[in-house]
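I opened the notebook with the sequence and the model side by side. My entries follow in the order I looked things up.

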Amino acid sequence: MRNIINRLKSLYPISETTLQELAKHVEYCRFPKKHLLVKENIFCKYAYFIERGITRSYWLVDGEEITTSFAGEGSIVFSMDEFYYNKVSEEFVETLEKVEAYRILLTDLTHLLETNIELSNWGRIIHQNEYRRLHRSHKERLTLPAKERYEAFRRQFPDICQRVNLCYIASYLGITPSTLSRLRANE
């Protein structure tokens, strides 16, 4: 759990006691590339702490996959619909590489967040950061030209550009794959 622990501690000072308590509730898992961790219209019941690998979240809109986010080492992924609203997911979370993860039941995660102030504060910071990312991404898609959106993406996700299919990045940026290829050729 090295990558996960490093990420947790980089966001909030988590004690060894809290890490031990968290470790009691997680289970190590491996998933192949292209595996769906979360599926639209299905209860998943788990959150996944990503130790190795990358995932992407996406919606299906009129049969087209629209990428909404990426998560790499040290991140947590889950269905927000399920976790917050007890509803089936409206999105998919897919592995883009072989993934090693630790899964936790959403009910256990909820209990830990409600009873452990360190994990509660960590969760608050995760959500603050995600809100800021979503807000910034929305603003960039509405106001910046494609080249500047791509440059902002590269700053935010430097390792993603080298590790995932360009069509997923183009979808996230709201541009065509051919536009992204032209932008990359002019780097």
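**Entry 1. A starting residue**

In which helix is Ile 169 found? I located Ile 169 in helix H8. I keep in mind that this is a predicted model.

Is Ile 169 buried or exposed? Its relative accessibility is 0%, so Ile 169 counts as buried. I then listed what Ile 169 touches, leaving out residues up to four places away in sequence. The contacts are Phe 70, Phe 153, Ile 160, Cys 161, Val 164 and Leu 180. I also checked Ile 169 against Ile 50, which is 119 residues apart from it along the chain. Their C-alpha atoms are separated by 20 Å.

**Entry 2. H8 against H5**

Next I looked at how H8 (residues 166-173) sits on H5. The two helices pack at an angle of about 80 degrees, and their axes are 10 Å apart. That makes H5 roughly perpendicular to H8. On the H5 side I found Arg 133, Ser 137 and Arg 141. They meet Ser 171, Tyr 172 and Leu 173 in H8.

**Entry 3. The four-stranded sheet**

I traced an open sheet of 4 strands in the order S1-S8-S3-S6, with antiparallel pairing. Which strands stand at the edges? They are S1 (26-31) and S6 (76-77). Each has a single partner strand, so one side of each is left without a neighbour in the sheet.

I followed S3 (residues 46-52) to S6 and counted 2 bridges, with the strands running antiparallel. Tyr 48 has Val 77 in S6 as its bridge partner.

Arg 52 has its bridge partner in S8, namely Glu 100. How many residues of S3 are buried? I get 5 of its 7, so S3 is mostly covered.

**Entry 4. The strands around S4**

I moved on to S4 (residues 55-61). It is joined to S5 (residues 64-71) by 7 bridges, and the two run antiparallel. S4 and S5 form a hairpin with 2 residues between them. One turn residue, Asp 62, has a positive phi of about 50 degrees.

S4 also pairs with S7 (residues 92-95), in the antiparallel sense over 4 bridges. Tyr 58 turns up in both pairings. It stands opposite Thr 67 in S5, and opposite Phe 92 in S7.

**Entry 5. The nonpolar cores**

A general point first: in soluble globular proteins, nonpolar side chains tend to be buried together.

Which residues in the largest nonpolar core touch the most other members? Of its 22 residues, I noted Phe 49, Ile 76, Ile 104 and Trp 122. The elements giving two or more residues to this core are H1, H2 (16-23), S3, S8, H4 (106-115) and H5 (117-143).

Not counting residues up to four places away in sequence, Trp 122 touches Leu 8, Leu 11, Tyr 12, Ile 14, Phe 49, Ile 76 and Leu 113.

**Entry 6. Cysteines**

How many disulfides does a search of the whole structure find? I get 0. Cys 44 is in none; the nearest cysteine sulfur is that of Cys 29, 10 Å away. The cut-off for a disulfide is a pair of cysteine sulfur atoms within 2.5 Å. Cys 44 is buried, at a relative accessible area of 14%.

Cys 167 is in no disulfide either; the nearest cysteine sulfur, from Cys 161, is 14 Å away. Cys 167 is partly exposed, with a relative accessible area of 34%.

**Entry 7. Positive phi in loops**

I flagged two asparagines. Asn 41 has a phi near 65 degrees, a positive value in a residue other than glycine. Its place is in the loop between S2 (36-38) and S3. Asn 41 is exposed, with a relative accessible area of 54%.

Asn 86 has a positive phi near 55 degrees. It lies in the loop between H3 (80-85) and S7. Asn 86 is exposed, at a relative accessible area of 59%.

Definitions and conventions
Residues numbered from 1 in each chain as written. Predicted model: local features only at pLDDT ≥ 70, side-chain atom pairs only at ≥ 80, totals over all residues. Heavy atoms only, no water. Pairing = 2+ DSSP bridges. Core = buried A, V, L, I, M, F, W, Y, C linked by side-chain atoms within 4.5 Å. Buried < 20%, exposed > 50% of the residue type's maximum accessible area, 1.4 Å probe, protein only. Contact = heavy atoms within 4.5 Å. Axes fitted to C-alpha atoms, helices over the stretch in contact; angles between N-to-C directions. Parallel < 35°, antiparallel > 145°, perpendicular 65-115°, else oblique.
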